[in-house]
Amino acid sequence: MPFKVYQPLLDAMSNPAVLIGQDARISAANAPAQTLFGAPLVGAHYVTVMRQPELVEALGACFEGKPACSVQVRQSRAEGDSIFQANCAIVAGENPPLVLLTFEDISQLESAGAQRRDFVANVSHELRTPLTALMGFIETLRGPARDDAAARKRFLDIMAGEAARMEGLVADLLSLSRVEGQERQRPRDKVDLGAVIAAAVSTLAGATKAANVTVTCNLPSTGLTLTGDGEQLRQLVTNLIENAIKYGGQGKTVTISASQSEHIAALRGPAITLSVQDQGTGIDALHIPRLTERFYRVDDHRSREVGGTGLGLAIVKHIVNRHRGRLEISSKEGQGSLFTVTLPL
């Protein structure tokens, strides 16, 4: 059968596909395949185009009579490396035989798998540290410190702190799971963001006093009502203010501002802009793109000291996404950080 008969079939496929003849030369290819390999394909020997040893070996096995082979290959593209599942199979009924080679992009699946593995590893690491400390203190209290009242009190205080840290981590993990599960559901309630901010500031009054931080609010008396999820917006505001208090520095000021605009170009309509600014040491620009990743910390030791779980900004990001808003982070070392959230009405 002439090769041109197969060309419409290849053109109808959305994935890259090539047909290779018995002479090991490419007989037909569709447009996605041309784009993937970036060179004229028809007439070329497949070894000169597909240089991955595992792929060459799979094609060789097909030509030697194996009905089908499947391998994973990495291909460099303009936007970065991609991982493909390459499937090659003999086209039945042809003599001499032809081999059909197709490529399925599985980069996102591989990335999701890597994220899951990293997530499990991070959670395990975060829980192992306090658990190890608790087990060590329990062993000490059962043995050498059994009758030492002063040591017992000190160890119990440390154990309470480690237990509280694990409780906070579990609470944040559950919150993150809920937020991610609801991310595609548009909220429908009317929420007064001004009242949410006031409640969050009141709730954090103890932390504010302990850190010797002054919180200043620049809010209009009205006009901060939007469609949203009240509980999630409370969590968003609380996380941003709490971060500013923790990392803003002793004796410094945290400024909370909010305003309504009739039109925000990025959201194509009216929106409310909330900003939380601190006067801390600032963040190196290198870290800013990764701040909303799970468990990412600029200063791991300091974050643990102030009780951070590394999940607060990840939760904020997903809440903003659910509300179809925008999150922007700007900072300069030595000049503090500014977190700005824009939410459509």
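1. Arg268 sits in the loop between strand E9 (253-264) and strand E10 (269-277); helices (H or I, at least four residues) and strands (E, at least two) are DSSP runs, numbered from the N terminus. Arg268 isn't a glycine, yet its phi is positive, at about 55°. Most residues other than glycine have a negative phi. With a relative accessible area of 75%, Arg268 is exposed (the label means over 50% relative accessible area, with buried under 20% and partly exposed in between, using a 1.4 Å probe and protein chains only).

2. A word on the ground rules. This is a predicted model, where local features need pLDDT of at least 70 and side-chain atom pairs count only at pLDDT 80 or more, while totals for chains, interfaces and linings use all residues. Residues are numbered from 1 along each chain as its sequence is written, and side-chain values use heavy atoms, with hydrogens and water left out.

3. Asn212 is another one to look at for its backbone. Its phi is near 55°, again positive in a residue other than glycine. Asn212 belongs to the loop between helix H8 (205-210) and strand E7 (214-218). Asn212 counts as partly exposed, at 48% relative accessibility.

4. The axes of helix H6 (residues 149-181) and helix H11 (residues 312-322) come within 9 Å and cross at roughly 20°. That makes H6 roughly parallel to H11. The axes are lines fitted to C-alpha atoms, for helices over the stretch in contact, with angles running from 0 to 180 degrees between N-to-C directions. Angles under 35 degrees count as roughly parallel, over 145 as roughly antiparallel, 65 to 115 as roughly perpendicular and the rest as oblique.

5. What is the handedness of the crossing where H6 passes H11? The crossing is left-handed, meaning that the near helix is turned anticlockwise from the far one by less than a right angle, with clockwise giving right-handed. On the H6 side, Asp172, Ser175, Leu176, Val179 and Glu180 meet Ala314, Ile315, His318 and Ile319 in H11; contact means heavy atoms within 4.5 Å. By class, the H6 contact with H11 has five nonpolar, two polar and two charged residues. In that scheme Ala, Val, Leu, Ile, Met, Phe, Trp, Tyr, Cys and Pro count as nonpolar, Asp, Glu, Lys and Arg as charged, and the others, Gly among them, as polar.

6. The other pair worth a look is H7 with H9. The axes of helix H7 (residues 193-203) and H9 come within 9 Å and cross at roughly 50°. H7 and H9 are therefore oblique to each other, and their crossing is right-handed. Leu193, Val196, Ile197, Ala200 and Val201 of H7 make the contact with Leu233, Arg234, Val237, Thr238 and Ile241 of H9. The residues in the contact of H7 with H9 divide into eight nonpolar, one polar and one charged.

7. How many salt bridges are there? The count comes to seven, where a salt bridge is a side-chain nitrogen of Lys or Arg within 4 Å of a carboxyl oxygen of Asp or Glu. One of them joins the side chains of Asp157 and Lys153, at 3.2 Å from N to O. Both residues lie in helix H6, four residues apart, about one turn of the helix. Asp157 is partly exposed, with a relative accessible area of 47%, whereas Lys153 counts as exposed at 54%.

8. Glu162 and Arg165 are three residues apart in H6, so about one helical turn separates them. Is Glu162 buried or exposed? At 17% relative accessibility, Glu162 counts as buried. Leaving out residues up to four places away in sequence, Glu162 touches Pro130, Ala133 and Leu134.

9. Arg322 and Asp229 also form a salt bridge, with the closest N and O atoms 2.8 Å apart. Arg322 lies in helix H11 and Asp229 in the loop between strand E8 (225-228) and helix H9 (230-247), so the pair ties together parts that are 93 residues apart in sequence. Both Arg322 and Asp229 are buried.

10. Last, Val320, also in helix H11. Val320 is buried, with a relative accessible area of 1%. Setting aside neighbours within four places in sequence, Val320 is in contact with Leu236, Gly325, Arg326, Leu327 and Val341. The C-alpha atoms of Val320 and Leu127 are separated by 28 Å, and the two residues are 193 residues apart along the chain.
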